[in-house]
There are 2 protein chains.
Amino acid sequence: MSLTRPRLEDIEDAAVRLSGKAVHTPLLGAPLLYRELGGRLLIKPECLQVTGSFKFRGAYNKISRLSEREKRQGVIAYSSGNHAQGIAAAASLFDAPAVIVMPADAPAIKIANTKAWGAEVVTYDRHGESREEIAGRIARDRGLTIVPPYDDPAIIAGQGTVGLEIARDCEALGIVPDAVVICCGGGGLSSGSAIALAAAFPTADLHTAEPAGWDDTARSLASGERVANEAVVPSLCDALLAPMPGELTFPINRDLMRSGVAVTDVEVVTAMAIAHRHFKVVAEPGGAAALAAALAGKVPVAGRTVVAVVSGGNVDPGLYARLLGEVAT
Amino acid sequence: MSLTRPRLEDIEDAAVRLSGKAVHTPLLGAPLLYRELGGRLLIKPECLQVTGSFKFRGAYNKISRLSEREKRQGVIAYSSGNHAQGIAAAASLFDAPAVIVMPADAPAIKIANTKAWGAEVVTYDRHGESREEIAGRIARDRGLTIVPPYDDPAIIAGQGTVGLEIARDCEALGIVPDAVVICCGGGGLSSGSAIALAAAFPTADLHTAEPAGWDDTARSLASGERVANEAVVPSLCDALLAPMPGELTFPINRDLMRSGVAVTDVEVVTAMAIAHRHFKVVAEPGGAAALAAALAGKVPVAGRTVVAVVSGGNVDPGLYARLLGEVAT
């Protein structure tokens, strides 16, 4: 595997490693919704994945490639929650110890599940401390392998199996998507999936979706170079709050994405309700960003076939009930 | 096809007809839940099926077998909602007119979706009128083919593809279930699935799950002959309120089911919340009955591998938010 950019073969290799371990999530349609939108909108529900998000794919692929000694020593990761659960679950399948550095204000369900998978959780203050520094120090002290959330070829290749499955399932159904929209934090899912999708559908428009105010990838794609978010603004999308595009992920996205779009919290909550009503899946706020972009017309659906990745479903039930209740009534 | 009981080959034929039309829903696990239960509990989420329930399978299989003339004339069905949507959607794929006789107090989402699929909806009073009589009269007047909700070999065979997919997916994963629990109204899903499951796993215990007070199949299985429910009691499980086991479905269930179990509304709501938290799918009350039976220990999970069919997800969002909020807080 290249040290900077996975090839299609690396994604195919990851798919073989993940076979029988990850869920091959189905493409889901909603014909009644097509009539409202004037076009076909399918979702790839990675909320149904092991640990409730796509993150298990990259984590499993990465850990599967470590040496026996590295696995025995253990791994460490920093994450707002979904990567944490993915690493904790994958590590447990290899009997590898796992330490996860998580913000103290991460959703309770994500912290609880990470612990339940057997990982040791170390919390930090999102606004005052550097998670990279904390993780680096513990890794050195204990001889752990750091598993970064996105800037790693094996992680990118693992997340890319989402795009590979979309491509294969579309081909089996005779569907040629006009556009695919992918939720974007640091860019692992979007860049990996784009490699597989661009190979299968060279004419499809590929887009990243980010929360408003956290659209560093959209602005970086527009300017051609990596730019950071300027201010920390509130967002429901805790899974997508990366400060700037990844060093490895951004060049891939720059080559393969048509553009990035940003969505508001209101658009995200509407998408969560549509995911509930039309697709019968539980989407967390960040997981609904790509669907929100399509529903809001920021990636046009009318007269086209669009696939939106719903990247996760780990939302506290009380918050979910409140948000859904507000939209339903 | 036999006039009374589909064979395994009829279910395999239905699976071919449904290929590319119905969703092959994945088997979903939840390892964190296994630890709480001391055993492995998988779900078959038919809430992800076209129209939000397994009913599309039987409806599509049945209508696909009508003559061109019968399709042109149209079909009529009576249903509390999920069969209605299944018939309306399948009929629209064959450009066949569809009339659906629905109780006036069916969930709003089910009536609205049935109309959105292009069907004509005729409502009746669940407590005073006979839906069979109304449907029969309209069928005669307009030359429509009646598509019964369960007592029809093509319907049973279509629903049986749920069991066939469970069997094939378990085999691919090397899983031999100790038990499979299936939601039961009139018995189409349970009897059809049992034919496929008993062929694949002769030693597995097969169970029906029904709402408390509507456990006609459980009592009929215990007594060996069809008995009706004695009184009309309230239940959240609108999809499962059949008065007595079907003439065609019951003999199959009697031959193949180990027993039937009944679940309370509280157990059902708990199961809806577990479906949300651990499996990230939206289950309607009736759709959660089999999962409820496993979670409540009425079908034991400890030390075993159990598959529960989540048969549908068509629940009004406001009700869902209220029920989830009550459990979450």
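Helices here are DSSP runs of H or I with at least four residues, numbered from the N terminus, and their axes are lines fitted to C-alpha atoms over the stretch in contact, with angles running from 0 to 180 degrees between N-to-C directions. The model is a predicted one, in which local features need pLDDT of at least 70, side-chain atom pairs count only at pLDDT 80 or more, and totals for chains, interfaces and linings use all residues. Residues are numbered from 1 along each chain as its sequence is written, while chains are lettered from A and ligands numbered from 1 in the order in which they are written.

In chain A, helix α1 (residues 8–18) packs against helix α3 (residues 55–64) at an angle of about 90 degrees, and the two axes lie 10 Å apart. That makes α1(A) roughly perpendicular to α3(A) (65 to 115 degrees). A:Ala14, A:Arg17 and A:Leu18 of α1(A) meet A:Arg57, A:Tyr60, A:Asn61 and A:Ser64 of α3(A), contact being C-beta atoms, placed from the backbone, within 7 Å.

Turning to chain B, 30 of its residues are in contact with 30 residues of chain A. Two or more residues each come from α6 (108–116), α12 (265–279) and α14 (317–328) of chain B, and α14(B) gives the most, with 8 residues.

Helix α8 (residues 153–173) of chain B is worth a look too. Of the 21 residues of α8(B), 16 are buried, so this helix is largely enclosed by the rest of the structure (buried means 20 or more other C-beta atoms within 10 Å of a residue's own, all placed from the backbone). Just after α8(B), B:Gly174 adopts a positive phi of about 70 degrees.

How values were computed. Parallel < 35°, antiparallel > 145°, perpendicular 65-115°, else oblique. Contact = placed C-beta atoms within 7 Å. Buried ≥ 20, exposed ≤ 12 C-beta atoms within 10 Å, placed from the backbone.
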